[in-house]
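Please work through each task before reading its solution.

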Amino acid sequence: MRVLAALALCLAGLPACNLGLPSSPTPPPSPSPAIPRVQILAPPHNQQVIEGVIFDIEILASDAAGIQRIELYVDEQLLQSSESASGAEVNYRVTMNWFAKDVGWHKFSAVAYRPDGRASHPHTIALEVIPPHSPPPQTPPP
């Protein structure tokens, strides 16, 4: 009787038992694709710039699949876009410029794009436009 009970238990567990039969392969989880990286190299965050001056903004983007385009936004408005002449570069560095206007704080954001259209997270800095200094008062001649 005990042998029959043990045999019944074993047979009942058989469907759940893996007897070395090949199972259907489970595909490994696909990693989320990396996104491009972008950085505003210059000017530094929180720098002051003088109103009426044109200054350079240096941007570096990188991605193993290559960078096709970099866009620069000022206060969430597209200022300039630069496309790689070769179609895609692993490291793509550009210099864009802006005519400093409107005294106060402004937000600059750079976004890089791969050829497949995948975008980087924006890299953002803030710059303060200050009015030009007026010349020091002159002393009247004696």
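**Exercise 1.** Determine which side chains make a polar contact with the side chain of glutamate 71, and state whether glutamate 71 is buried or exposed.

*Solution.* In this predicted model, the side chain of arginine 69 makes a polar contact with that of glutamate 71, at 3.1 Å. A further polar contact, at 3.2 Å, joins the side chain of glutamate 71 to the side chain of tyrosine 113. Next, consider accessibility: buried means under 20% relative accessible area. Glutamate 71 has 10% relative accessibility and therefore counts as buried. As to location, glutamate 71 belongs to strand E4, residues 69-74. Apart from neighbours within four places in sequence, the residues in contact with glutamate 71 include Leu78, Gln80, Ser109 and Tyr113.

**Exercise 2.** Describe how arginine 69 is placed relative to the ring of tyrosine 113.

*Solution.* Arginine 69 lies over the face of tyrosine 113, and the distance from the ring centre is 4.0 Å. These two residues are also the partners of glutamate 71 in the side-chain polar contacts of Exercise 1.

**Exercise 3.** State how many aromatic pairs the whole structure holds, and characterise the pair of phenylalanine 55 and tryptophan 98.

*Solution.* The search finds three aromatic pairs. Phenylalanine 55 lies in strand E3 (residues 54-67) and tryptophan 98 in strand E6 (residues 89-99), so the pair ties together parts 43 residues apart in sequence. Both phenylalanine 55 and tryptophan 98 are buried. Finally, ring pairs link Phe55 and Trp98 with Phe108 in a cluster.

Technical notes: Residues numbered from 1 in each chain as written. Predicted model: local features only at pLDDT ≥ 70, side-chain atom pairs only at ≥ 80, totals over all residues. Heavy atoms only, no water. Helix = DSSP H or I, 4+ residues; strand = E, 2+ residues; numbered from the N terminus. Buried < 20%, exposed > 50% of the residue type's maximum accessible area, 1.4 Å probe, protein only. Polar contact = N/O pair within 3.5 Å; in protein donor to acceptor, adjacent residues only side chain to side chain. Contact = heavy atoms within 4.5 Å. Phe/Tyr/Trp six-rings, centres within 6.5 Å; stacked < 30°, edge-to-face > 60°. Lys NZ or Arg CZ within 6 Å of the ring centre and 35° of its normal.
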